[in-house]
Amino acid sequence: MSLATTTTSRSARVQFLDRYGVVGHPVARSRLPLIHGLFARLAGQQLEYRLHHAPPGEFHARVQAFFAAGGCGLNVIAPHKVAATAIAHELTARASRAGAVNLLTRRGERLLGDNTDGAGLVADLTQNIGLDLTTQRVLILGAGAAARGIVGPLLQAQPAQLLVANRNPARARQLSASFADLGEVGACSLAELRPQPFDLVINATSAALVPGGLPVVPPGVVGPNTVCYDLSYGSGDTPFTCWASQQCCARAFTGWGMLVEQAADSFEAWRGVRPDTRPALQVVMSA
Ligand code: NDP
């Protein structure tokens, strides 16, 4: 950890910790400060991690001010992930492919944009939940920034089938086309889904931003062997995991594990240490 120290008087020395944070709108309820605080304690490191509220019109100015004042790194959450691609001087291959950035890191005078959403989801599905994705027929609901982040890493896991269904089918087709060289991604509207069960159904819509909000899909896409995963999270079940349980799915998970795993990737990129994610997952799920 680097420390910059200034002398404010003969006796008082003020220490400035390396500064990180999360920028979003809304951002007040983000658990990332709790998660990064825990990672830092476990790693025996000291750092500052704060919330940065930025309505869309203020995103660029807030990010520039943060880094101009010496900030080291920012997590980026909705609705800024696409805008963050334009603020980074350089993008990792996965961020470029996704067209969405959830991690900005200072590299000297330049900003590197990365996307750890997909790696976080795949780590949660395979390591924490124990799924073998290679044999799975996978349905993604939604084609926004989060869906763009998860398609590449899911394709790398070589599922038997990957289909993206979105309310606006043109957006699903656009997503499918931009990953075509990595593998086959089907695209359709939610209304065009046939009532046949998938092995894994991932809700990557933001429908739950409205209380009780759910994407409307034929119940038949969930069967008794289907695992359902909601990228959204909250206290207890989400509307989607409630709905999935009502369809008698095999198991249903909320997105806490993905949140913690993608945060661990951020922490590793910033601090050079991969934290153990299990304690953080227990804390955020019970907080
Ligand atoms: P975007 O705004 O980029 O995309 C929203 C998507 O949801 C679009 O595909 C939109 O469809 C669809 N949608 C919105 N409302 C409805 C509805 N009522 N019915 C059907 N579809 C709907 O959001 P993000 O992709 O950034 O985020 C999506 C969700 O994923 C959020 O809840 C976010 O919190 C969560 N997330 C969780 C993470 C984690 O670590 N667990 C990480 C990243 C995201 P259309 O195109 O037709 O408008």
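Let us start at the ligand, where a backbone N or O atom of Ala143 lies 2.9 Å from one of the ligand's oxygen atoms. A pair like this is a polar contact, meaning N or O atoms within 3.5 Å; within protein, one atom must be able to donate a hydrogen and the other to accept it, and residues adjacent in sequence count only if both atoms are side-chain atoms. A polar backbone atom of Asn168 is 3.0 Å from an oxygen atom of the ligand, and for a polar backbone atom of Ser206 the distance to a ligand oxygen is 3.0 Å. There are 23 residues around the ligand, and Ala146, Asn166, Arg167, Arg171 and Leu231 come nearest; a residue counts as near if one of its heavy atoms lies within 4 Å.

Before going on, please keep in mind that this is a predicted model, in which local features need pLDDT of at least 70 and side-chain atom pairs count only at pLDDT 80 or more, while totals for chains, interfaces and linings use all residues. Residues are numbered from 1 along each chain as its sequence is written, and side-chain values use heavy atoms, with hydrogens and water left out.

Now look at Asn203, which sits in strand 12. Helices (H or I, at least four residues) and strands (E, at least two) are DSSP runs, numbered from the N terminus. Asn203 has a relative accessible area of 2%, so it is buried; buried means under 20%, exposed over 50%, and partly exposed in between, with a 1.4 Å probe and protein chains only. Its side chain makes polar contacts with the side chains of Thr205 (2.8 Å) and Asp230 (3.0 Å). Beyond neighbours within four places in sequence, Asn203 is in contact (heavy atoms within 4.5 Å) with residues including Leu141, Pro215 and Phe240.

Among the buried residues of helix 5 are Leu121, Val122 and Leu125. How does the length of this helix work out? At 1.5 Å times one less than its number of residues, the twelve residues of helix 5 should span 16 Å, and its end C-alpha atoms are 15 Å apart, which agrees. Just after helix 5, Gly130 takes a positive phi of about 85°.

Next, turn to strand 3 (residues 19-24) and strand 4 (residues 48-53), which pair in the parallel sense over six bridges; pairing requires at least two bridges found by DSSP. From strand 3 the chain passes through helix 1 (residues 32-43) to strand 4, in a right-handed β-α-β crossover. Right-handed here means that, with the strands pointing away from the viewer, the path from the first strand over the helix to the second runs clockwise. The buried residues of helix 1 include Ile35, Leu38 and Phe39, and strand 3, strand 4 and helix 10 are among the elements covering its buried residues.

The loops hold a few details too. The peptide bond from His25 to Pro26 is cis, with omega near 5°, and Pro26 belongs to the loop between strand 3 and helix 1. Gln158, which is not a glycine, has a positive phi near 55°; at 58% relative accessibility, this residue is exposed. Cys248 likewise takes a positive phi, about 60°, without being a glycine, and lies in the loop between helix 8 and strand 14.
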